[in-house]
Amino acid sequence: MSAPPNSGPETPPLVSVAGLNVVLPTGERSEVEAVRRVDLVIRDGERVGIVGESGSGKSVTGRAIAGLLPTSPRVRVTGSIRIAGREMIGAPPEAWDEIRRKRVGMIFQDPLTYLNPVMRIGKQVAESIPPGREGDEAARTRAVHRFLEQAGLERPAEVAARFPHELSGGMRQRVLIAIAIAKLPDLIIADEPTTALDATVQQRVLKTLDATVSELGTSLMLISHDLAVVAGMTDRIYVMYGGRVVEEGATEQVLHEPKHPYTQALLRSVRSLADDGVELYSIPPELRRRLAEEVADAS
Amino acid sequence: MLLEAKNVCKTFRSGRRTDVVHAVRNANLRARPGEFVAIVGESGSGKSTLARILLDLIPATSGTVELDGVPLGSMSKRERTEYRRRVQAVLQDPAGSLNPRKRVERTIGEVIRLHRIATTRTEVRDKVREALHLVGMNPADEFLDRFPHELSGGQRQRVLIARAIALNPRIIVADEAVSALDASVKAGVLRVMADLKDRLGVGYVFITHDLPVVRKVADHVYVMRSGEIVEEGPKKTIFTEPAHPYTRTLLAAAPVLR
């Protein structure tokens with residue numbers, strides 16, 4: 001992989017994940033290896049997509065990078081996550097706070113679980129601005145309005161005065177974008193940001209995310225089961241299955257010349273749902289069995 | 001057989017006494033066995049309310065739902081029960097539609113007993129097996145004793161279809177039945193549905209916001225917006241020569257992988 005023009009060879013990539021394993025409890029005595037030996041790199045200003053089906057480990061990988069996995073002794077994270085060169089596995093909670101406050105913003109599928117239902121929108125965006133960055137109260141309020149506007153919300157002053165339940169789904173998702181960009185982060189991790197939205201709203205929210213990320217030069221990690229969404233938004237894709245990365249490459253290349261049998265089958269299935277005169281195709285059980293073996297062998 | 005909604009309106013009172021929400025306005029719709037009818041629209045378009053009216057789960061405020069010209073309201077109790085057998089529901093969230101404490105056999109067996117499709121234990125079990133077989137859950141015996149949490153999302157959705165199909169319905173009203181599924185699983189469930197149409201002549205009223213899926217499987221399409229059916233026609237016409245601007249907006253917004 002060649003070094004991007006904006007960083008010399010000695011500058012570490014923004015995010016560098018190596019041999020990441022995440023084990024999550026699934027019951028009293030059972031657990032699952034949700035992420036297995038994942039290697040992943042996100043460079044400054046790069047847009048990276050993580051695609052996979054439910055249970056592929058894509059969301060867990062995103063949460064691990066944001067330091068948002070539950071803190072329980074039964075959740076075991078091993079391997080290496082370096083953010084701007086700093087090793088974060090085993091780092092103290094304060095170090096993660098610093099990362100989440102200033103470097104990484106997150107956008108989730110369901111904004112209602114993330115937003116505080118009894119706090120006005122404006123305050124929630126303001127809380128995302130590091131103390132002292134914007135100066136006095138008035139400057140902060142102006143900044144809040146600016147971020148809301150940047151996230152595509154017209155009449156920001158009005159929106160700032162509202163509570164989450166008073167907004168539509170699309171507006172709430174824009175509020176999450178505003179909260180994420182208010183940190184002026186190096187990276188935005190968007191996990192299924194538009195999956196719950198209507199297609200017409202989805203299209204507009206994605207355009208906004210696209211525009212804000214470009215404007216701020218922020219790196220983007222877009223996690224989705226929807227290949228069509230990821231295709232239009234990213235430079236590079238990781239395809240995950242059973243906790244493993246099975247294929248990685250430039251978005252165009254992965255979509256048009258997939259190498260791994262799983263990627264090929266997944267694309268065939270997605271296209272079979274949209275294309276005329278093609279029989280509906282689902283990934284055959286034999287392939288899934290083979291993949292399960294492959295995944296087990298590799299870990 | 002013809003299932004028909006005639007000038008169906010549904011209003012809900014919201015919050016204060018004076019506020020009235022017109023969830024469905026003057027909707028006319030026809031569905032037949034062997035035909036794949038789709039209702040497309042975004043959230044709040046009234047498509048799910050119309051589905052619930054067709055399923056006789058809620059009454060229309062005005063207008064009628066008729067089966068072969070007989071309005072629901074003038075049916076005898078027996079005819080009404082028969083209506084509810086012939087017009088079955090498959091809803092979006094299989095986890096929410098399945099009782100987590102009931103095994104697959106009991107989930108499907110119960111409705112078979114309720115509608116007296118079969119009565120003895122072995123007969124019921126055979127019917128359950130047959131239904132599972134029809135939705136491609138083979139070998140059926142492997143699934144009889146499973147609880148919902150022991151099934152994948154696609155399998156749960158198939159169990160719901162099996163429960164509906166066990167009653168030999170003529171029309172299945174499916175409300176966002178495949179929307180939450182991964183592409184591959186979605187393709188599998190849709191294939192099962194298309195297969196049941198071909199083999200048993202089941203008809204569908206398929207409610208969804210997913211246009212590519214409609215384009216793939218539907219015969220006839222209704223487009224709803226703010227409670228109103230704004231456009232209706234054969235699939236081909238809707239997708240190649242959409243007349244209403246809203247239909248054009250919807251078509252342009254659907255994300256498609258090149």
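In this predicted model, chain A holds an open sheet of 6 strands in the order β6-β7-β8-β3-β9-β10, with mixed pairing. Two strands are taken to pair if DSSP finds at least two bridges between them. Helices (H or I, at least four residues) and strands (E, at least two) are DSSP runs numbered from the N terminus. The edge strands are β6 and β10 (244–250) of chain A, each of which pairs on one side only. Direction ignored, neighbouring strands of this sheet are turned by 15 degrees against each other on average. Helix α7 (residues 169–182) of chain A packs on the sheet and touches β6 and β7 of chain A, with its direction at about 175 degrees to that of β6(A). Contact here means that the C-beta atoms of two residues, placed from the backbone, lie within 7 Å. Axes are lines fitted to C-alpha atoms, for helices over the stretch in contact, and angles run from 0 to 180 degrees between N-to-C directions.

Residues are numbered from 1 along each chain as its sequence is written, and chains are lettered from A and ligands numbered from 1 in the order in which they are written. As the model is predicted, local features need pLDDT of at least 70 and side-chain atom pairs count only at pLDDT 80 or more, while totals for chains, interfaces and linings use all residues.

**Strand β7 of chain A**

Strand β7 (residues 187–191) of chain A is mostly covered, with 5 of its 5 residues buried. A residue is buried if 20 or more other C-beta atoms lie within 10 Å of its own, exposed if 12 or fewer, and partly exposed in between, with C-beta atoms placed from the backbone. In a regular strand the side chains alternate between the two faces of the sheet. Both faces of β7(A) are covered: one side carries Leu187(A), Ile189(A) and Asp191(A), the other Ile188(A) and Ala190(A), and all are buried.

Strand β6 (residues 104–107) of chain A pairs with β7(A) in the parallel sense over 4 bridges; Gly105(A) stands opposite Ile188(A) in β7(A). The pairing of β7(A) with strand β8 (residues 219–224) of chain A is also parallel and has 5 bridges. Asp191(A) has Ile223(A) in β8(A) as its bridge partner. From β7(A) the chain crosses through α8(A) to β8(A), and this β-α-β crossover is right-handed. Right-handed means that, with the strands pointing away from the viewer, the path from the first strand over the helix to the second runs clockwise.

**Chain B**

Chain B has 11 helices and 10 strands. Its radius of gyration is 19 Å, which agrees with the value near 18 Å that a compact globule of 258 residues would have. That radius is taken over C-alpha atoms, and the globule rule is 2.2 Å times the number of residues to the power 0.38. Along the principal axes, the C-alpha atoms of chain B fill a box of roughly 55 × 50 × 40 Å. Of the 258 residues, 44% count as buried. Among contacts in chain B with a separation of 6 or more, residues 24 or more positions apart account for 67%.

An open sheet of chain B has 6 strands in the order β6-β7-β8-β3-β9-β10, and the pairing is mixed. Its edge strands are β6 (87–90) and β10 (228–234) of chain B. β6(B) and strand β7 (residues 171–175) of chain B run parallel and are joined by 4 bridges, with Ala89(B) opposite Val173(B) in β7(B). Helix α7 (residues 153–165) of chain B packs on the sheet, touching β6 and β7 of chain B, and its direction makes about 170 degrees with that of β6(B).

| Site | Angle | Loop (chain B) |
|---|---|---|
| Asn138(B)–Pro139(B), cis peptide bond | omega about -10 degrees | Pro139(B): between α5 (121–134) and α6 (141–144) |
| Glu176(B) | phi about 50 degrees | between β7 and α8 (183–200) |

Asp56(B) is partly exposed, with 16 other C-beta atoms within 10 Å. Glu176(B) is also partly exposed, with 18 such atoms within 10 Å.

**Contact between the chains**

The contact takes 23 residues from chain A and 24 residues from chain B. On the chain A side, the elements that give two or more residues are α8 (199–216), α9 (227–233) and α11 (261–274). α11(A) gives the most, with 7 residues. By class, this side of chain A has 12 nonpolar, 7 polar and 4 charged residues. Ala, Val, Leu, Ile, Met, Phe, Trp, Tyr, Cys and Pro count as nonpolar, Asp, Glu, Lys and Arg as charged, and the others, Gly among them, as polar.
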